[in-house]
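Hi there,

Here is the structure I promised to pass on to you. Have a look first, and my notes follow below.

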Amino acid sequence: MFNPKTIRQDFPIFSQNPRGEKLVYLDSAATSQKPQVVLDAITKYYQTSNANVHRGVHQLSDRSTQVWDESRATIAKFFDANPEELIITRNTTEAINGVAYGWGDHNVQFGDIILTTLMEHHSNIVCWQELARRTGATVEYIEITKEGRLDQKSLAAKLSLPKVRLLALTHVSNTLGTLNPVAEIIVQARALQPDIRILIDAAQSAPHIPVSFAKLDVDFLVFSGHKMLGPMGIGGLLVRQSLLQSGEMRPWLFGGGMIAAVTKDATTFTDELSERFVAGTPDVASAVGLAAACAYLTKLHMSDVGQHDLELVLYALEKLSAIPELEIIGPQDFSESEVDRVGSVAFIYKGVHAHDVAQVLDSVGVAVRSGHHCTMPLHEQFGWVASVRASCNIYNTTADIDALVTGLAKVRQVFKV
Ligand SMILES: Cc1ncc(COP(=O)(O)O)c(C=O)c1O
């Protein structure tokens with residue numbers, strides 16, 4: 001049975017109280033807390049299996065290689081992907097850069113269009129601006145409705161432009177919380193642009209809802225381990241196997257284990273897909289930690305994780321929308337059976353800067369994020385200077401939302417608005 005109160009006990013950070021108060025952590029969209037099983041898995045790896053992978057003939061190196069391969073398999077399975085399709089990166093940002101360099105530099109040409117949206121995290125904008133600068137392509141943006149959803153007219157119009165080579169789209173917006181109907185959009189995009197490649201940014205969906213790389217029929221899918229209970233410094237890029245096999249997607253970092261033979265003049269690379277993208281010594285311990293996080297989430301059942309998230313988001317929306325000083329950002333006009341919102345609720349406190357709100361909340365032990373959340377184009381479009389974001393994970397309860405609401409009453413007292 002999914003019970004956030006007992007789940008919370010799995011996370012040692014919640015039993016630390018440096019300021020003598022209970023930690024109300026509502027900043028999981030920035031990074032999640034880590035359960036003890038993840039910390040233990042990392043420690044155990046270093047205590048029992050630490051050696052470099054694929055390079056030694058000794059037993060410890062064999063064990064480390066086995067642990068690395070098993071961890072990759074667990075992570076890939078979590079995303080319903082083949083282990084050969086998984087390229088380990090440091091985070092989502094590095095994974096998107098990998099697509100820009102490893103695929104974009106070889107496949108995007110002058111005059112092509114790279115299509116993204118105005119609700120993307122900067123990581124899913126800047127890499128494309130840079131790719132456009134290198135290749136002479138153009139970046140186009142799908143507009144957002146005032147409710148915080150992708151504008152269907154704009155989507156259809158932009159997908160009908162000539163030579164749309166790539167659609168790079170977030171699954172869940174880290175600011176609006178909007179859950180985009182990616183499966184439908186992928187079908188629409190392929191019907192309008194048969195040669196298109198599609199990248200889904202799953203950084204904010206993978207921690208909360210089931211994500212199937214196989215079922216989505218997508219070419220690239222990126223995620224960050226640290227947002228889904230895993231350690232910092234590890235993430236992933238899933239690439240459709242046929243793009244790897246055909247060489248359409250190529251390595252973008254060179255050296256180390258990916259090499260077959262080197263002469264003074266030239267290098268040949270391994271044919272093994274899972275090796276071809278491993279340049280240098282990989283972060284085995286973090287892969288072990290992320291695999292432990294995936295196993296932990298799988299045991300909880302991602303459908304139950306999603307249900308818990310939904311209940312918390314709806315509770316937060318109900319409580320926060322009753323506060324007249326707040327302007328809530330992102331979709332709210334849904335029926336309970338069609339909630340297209342995941343993970344977070346962001347808002348503007350009228351008359352008080354978001355950083356001031358966050359500071360008052362911090363003074364009562366409530367950790368939220370304030371600022372533009374790396375979505376400046378989105379903030380600019382709506383004329384927001386900054387916003388406050390409360391984001392949840394499996395260890396949050398309605399009591400955390402209540403603490404946020406109580407903290408907001410203190411904001412009113414302090415700023416007399
Ligand atoms: C939707 C989205 N994409 C990309 C990123 C970048 O993730 P990272 O900093 O782990 O690379 C984030 C981080 O908040 C995000 O929310």
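**What I found**

Glu94 belongs to helix H4, which covers residues 92-107 (helices are DSSP runs of H or I with at least four residues, strands are runs of E with at least two, and both are numbered from the N terminus). Before going further, a word on the basis: this is a predicted model, in which local features need pLDDT of at least 70, side-chain atom pairs count only at pLDDT 80 or more, and totals for chains, interfaces and linings use all residues. Residues are numbered from 1 along each chain as its sequence is written, and side-chain values use heavy atoms, with hydrogens and water left out.

Back to Glu94: its relative accessible area is 17%, so Glu94 is buried (buried means under 20% relative accessible area, exposed over 50%, and partly exposed in between, with a 1.4 Å probe and protein chains only). Glu94 and Val222 are separated by 128 residues in sequence, yet their C-alpha atoms are 9.1 Å apart.

**The ligand site**

Which residues come nearest to the ligand? Of the 14 around it, they are Thr93, Asp201, Gln204, Ser224 and Lys227 (a residue is near a molecule or strand if one of its heavy atoms lies within 4 Å of it). The shell is made up of two nonpolar, ten polar and two charged residues. In that count Ala, Val, Leu, Ile, Met, Phe, Trp, Tyr, Cys and Pro are nonpolar, Asp, Glu, Lys and Arg are charged, and the others, Gly among them, are polar.

For Thr93, an N or O atom of the side chain is 2.5 Å from an oxygen atom of the ligand. A polar side-chain atom of Ser224 is 2.6 Å from a ligand oxygen atom, and for His226 the distance is 2.7 Å. A polar contact here is a pair of N or O atoms within 3.5 Å; within protein, one must be able to donate a hydrogen and the other to accept it, and residues adjacent in sequence count only if both atoms are side-chain atoms. The ligand taken alone exposes 400 Å², of which the protein buries 88% (areas come from the Shrake-Rupley method with a 1.4 Å probe, and for residues only the protein chains shown count as cover).

**Strand S8 and its partners**

Strand S7 (residues 220-224) runs antiparallel to S8, and five bridges join them (two strands pair if DSSP finds at least two bridges between them). S8 also pairs with strand S2 (residues 86-89), again in the antiparallel sense, over four bridges. In that pairing, Ile88 is opposite Gly236.

Is S8, at residues 235-239, mostly covered or mostly open? Five of its five residues are buried. In a regular strand the side chains alternate between the two faces of the sheet. Here Gly235, Leu237 and Val239 are buried on one side, and Gly236 and Leu238 are buried on the other.

The loop between S7 and S8 holds Leu229. Its phi is positive, near 75 degrees, in a residue other than glycine. Most residues other than glycine have a negative phi. Leu229 has 0% relative accessibility and therefore counts as buried.

**Helix H11**

H11 has 17 residues (284-300) and spans 24 Å from its first C-alpha to its last, close to the 24 Å expected (1.5 Å times one less than its number of residues). Why is H11 largely enclosed by the rest of the structure? Because 14 of its 17 residues are buried. His301 follows H11 and has a positive phi, near 75 degrees.

Val288 and Glu70 are 218 residues apart in sequence and 8.5 Å apart in space, C-alpha to C-alpha. Glu70 sits in helix H3 (residues 59-78) and is partly exposed, at 45% relative accessible area.

Ser391 is part of strand S15 (residues 387-391) and counts as buried at 1% relative accessibility. A polar atom of the Ser391 side chain lies 3.0 Å from the backbone nitrogen of Ser28, and one lies 2.9 Å from the backbone nitrogen of Ala29.

His373 lies in the loop between strand S14 (369-371) and helix H14 (376-382). Its phi is positive, near 55 degrees, and His373 is buried, with a relative accessible area of 8%.
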